[in-house]
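Subject: Handover of a structure

Dear colleague,

Please find the structure below, with the sequence alongside. My notes on what was found follow directly after it.

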Amino acid sequence: MRKPLVAGNWKMFMTVAEARHLVADLVPRLQTVEGVQIVLCPPFTDLLAVAALLEGTNIGLGAQNMHWEPNGAYTGEISPLMLAELAKYVILGHSERRTYFHETDETVNRKVKAALEYGLIPIVCVGESLDENESNRTAEVVSRQMLKGLEGVDLSGGKEIVIAYEPVWAIGTGRAATPEGANQVLADVIRPALAELFGQEMSQVVRVLYGGSVKGDNAAQFFTMPDIDGALVGGASLKAEDFTRIAQAAASHS
Ligand code: PGA
């Protein structure tokens with residue numbers, strides 16, 4: 001069985017002081033939630049402070065991006081080698097990175113391979129834009145992102161990846177996908193792509209999350225869906241009460 005995973009993508013929010021405050025509020029609430037893997041993905045500048053506060057808890061830590069090289073003359077970048085000392089997860093290929101920072105399936109692919117090489121678990125984001133959705137190109141786009149983004153990736157030796165299906169039109173809009181609609185993309189596009197890449201058995205092992213306007217009051221309906229193994233949460237992950245409700249909803253379906 002796939003253990004549910006709820007990850008908070010803080011995006012470019014939270015100073016160190018704000019992060020300490022939020023995590024101090026979150027930890028006691030989340031400590032009682034069992035049967036679900038919880039991961040916080042703050043900005044790089046918060047990682048050290050948040051790591052200290054999460055020590056001894058069951059809450060995991062992740063970053064939101066990284067370069068694919070272990071080191072080098074890449075001013076402003078952070079490497080998998082650096083992250084591996086601090087975090088276990090890394091979000092890769094988020095639509096905001098693809099849209100504003102020109103990330104492509106090729107760069108996502110390099111990053112996924114590098115993350116795995118350094119022992120990180122990539123949370124790979126895929127999802128179609130509004131335009132692509134309205135022109136019935138969801139399957140084509142998501143399938144391409146999966147097959148190109150994960151081309152040549154090797155999951156042998158217990159390596160792990162997580163996929164997050166995040167339709168771009170649902171991110172930060174308050175307009176979530178329907179649970180049935182999201183599940184259909186997972187069942188018809190994402191798991192078949194996983195089977196093509198890693199084999200049938202692995203396609204049933206890899207966790208696939210839904211992301212896009214998941215809140216405390218709509219989360220439970222996603223977790224009743226057979227192919228949805230958790231959520232990647234943006235806005236609601238900055239509110240202790242809302243994020244806890246989402247984690248509790250996932251726990252009650254584990
Ligand atoms: P949202 O963002 O929950 O604020 O819609 C999700 C994401 O971008 O991961």
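Leaving out residues up to four places away in sequence, His94 touches Asn9, Lys11, Cys125, Glu166 and Ile171, where contact means heavy atoms within 4.5 Å. The model is a predicted one: local features need pLDDT of at least 70, side-chain atom pairs count only at pLDDT 80 or more, and totals for chains, interfaces and linings use all residues. Residues are numbered from 1 along each chain as its sequence is written, and side-chain values use heavy atoms, with hydrogens and water left out.

His94 sits in the loop between β4 (89-92) and α4 (95-100); helices (H or I, at least four residues) and strands (E, at least two) are DSSP runs numbered from the N terminus. With a relative accessible area of 4%, His94 is buried (buried is under 20% relative accessible area, exposed over 50%, partly exposed in between, with a 1.4 Å probe and protein chains only). The C-alpha atoms of His94 and Val126 are separated by 7.2 Å, although the two residues are 32 apart along the chain.

Gln37, in strand β2 (residues 37-41), also counts as buried, at 17% relative accessibility. Beyond its neighbours within four places in sequence, Gln37 is in contact with residues including Lys3, Pro4, Tyr89 and Arg207.

As to the nonpolar cores (sets of buried Ala, Val, Leu, Ile, Met, Phe, Trp, Tyr and Cys residues joined through side-chain atoms within 4.5 Å), the largest has 69 residues, and Ile163 and Ile190 have the most contacts inside it. Helix α8 (residues 179-198) gives the most to this core, namely eight residues. Among the contacts of Ile163, leaving aside neighbours within four places in sequence, are Val124, Met146, Ile190 and Leu209. Another core, of 13 residues, lies apart from it and includes Ile91, Ile123, Ala164 and Leu232.

Finally, helix α1 (residues 16-31) packs with helix α2 (residues 47-54) at an angle of about 20°, their axes being 9 Å apart (axes are lines fitted to C-alpha atoms, for helices over the stretch in contact, and angles run from 0 to 180 degrees between N-to-C directions). α1 is therefore roughly parallel to α2, a term for angles under 35 degrees, with over 145 roughly antiparallel, 65 to 115 roughly perpendicular and the rest oblique. Val16, Ala19, Arg20, Val23 and Val27 in α1 meet Ala49, Val50, Leu53 and Leu54 in α2.

Yours sincerely
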